[in-house]
Structures are given as C-alpha cells and as structure tokens.
Amino acid sequence: MTQNIQKIFKNLKHIEPSRGLEGRILKAVAIENSRKVARKLMFARGGLTVSFGALVYTLFVFGQAFLESDFWNLAKLVFSDTGTIFSNMGSFSISLLETLPVVEISAMLVPVLAVMLMLSWYFKFSNNNFKHLT
C-alpha cells in the first residue's frame, strides 16, 4: 500500500496553487477574526447591560438599608462628641464595626466588580478590533 502511494506522488507533476488562493485564505481568516471579535464585543455589551442593571437594582434595594443603618448614627457622634469618642476610642471603633452594614456593602460591590470586568473586556476586545483594521 505504501508503495502505491509513493508511486502516485512520484508520478505527479509539481502542482502550483492558483494565483488568488493566498489572498482568499487571508481574507477568510481576517473575516473570521473580525466575527470572533464582534461576538466578544456583543458579549461584553450584554454583560455591561446586565451588570449596570444589577448595580442600579442593588443601589435601590440595599442602598436604602445602607443609608438607614445605625452605623451613620454612631458616625455622627464624631462631629458632636469628639472628646468623649477619643476617650473611649476602643469601644467606639468596635461599635462602629458592629453596626457596619457589611452585607449591603458587599451586595453593592459585586455589581461594581462585574461592571469593571465587563468594561475591561470591552476595551480589550475593541482595541484588538482596531489593531486588525490598521
């Protein structure tokens, strides 16, 4: 079997590819790359839309609870009873930490992180798209 294949390739004359083959291949590769970048940009835009929506939702839902927490009542004491606070700094700082609305803060920071990630991906893909055009 291998001898038959060797004979076939020995009997073939040197075949040249068509003149426009290289250009067509490079054009198809460029079109596929631009489609891939367009899909990634569309994913990044969709992610930005969803993460902005989640950010607005969490600001309305958890922002109200964050603003109404007892943390702010204790923090106001810094401006009115400064002498008392400095004399009891340890107890005051522990009270501030106990009333810090951690759940609300973390719930609001998750969509902020998602927005930042999606913006990073969007700018990365859009810069790659412009590099292919030049």
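The expected span of a helix is 1.5 Å times one less than its number of residues. Keep that in mind as we walk through this structure, which is a predicted model.

Start with helix H2, residues 21-67. With 47 residues at 1.5 Å each, H2 should span 69 Å, and its end C-alpha atoms sit 66 Å apart, so the two figures agree. H2 does have a kink, though: about 35°, centred on valine 61.

Now look at which parts of H2 are tucked away. The buried residues include Val37, Leu41, Ala44, Leu48 and Leu55. Glycines turn up in the buried set too, namely Gly47 and Gly63, and so do Ser51, Thr58 and Phe66.

Next, the charged side chains. You'll find one salt bridge in the structure, and it pairs glutamate 32 with arginine 39, N to O at 3.8 Å. How exposed are the partners? Buried means under 20% relative accessible area and exposed means over 50%. Glutamate 32 has 38% relative accessibility, so it counts as partly exposed. Arginine 39, at 47%, therefore lands in the partly exposed class as well.

Finally, move along to the largest nonpolar core. It's made of five residues: Phe71, Ala75, Ile85, Phe92 and Leu96. Helix H3 (70-80) and helix H5 (89-99) are the elements that each give two or more residues to this core. In soluble globular proteins, nonpolar side chains tend to be buried together.

Phenylalanine 71 is worth a click in your viewer. Leaving aside residues up to four places away in sequence, it touches Leu96, Thr99, Leu100 and Pro101.

Conventions
Residues are numbered from 1 along each chain as its sequence is written. This is a predicted model: local features need pLDDT of at least 70, side-chain atom pairs count only at pLDDT 80 or more; totals for chains, interfaces and linings use all residues. Side-chain values use heavy atoms; hydrogens and water are left out. Helices (H or I, at least four residues) and strands (E, at least two) are DSSP runs, numbered from the N terminus. The bend at a residue is the angle between axes fitted to the seven residues ending there and the seven starting there. Buried means under 20% relative accessible area, exposed over 50%, partly exposed in between (1.4 Å probe, protein chains only). A salt bridge is a side-chain nitrogen of Lys or Arg within 4 Å of a carboxyl oxygen of Asp or Glu. A nonpolar core is a set of buried Ala, Val, Leu, Ile, Met, Phe, Trp, Tyr and Cys residues joined through side-chain atoms within 4.5 Å. Contact means heavy atoms within 4.5 Å.
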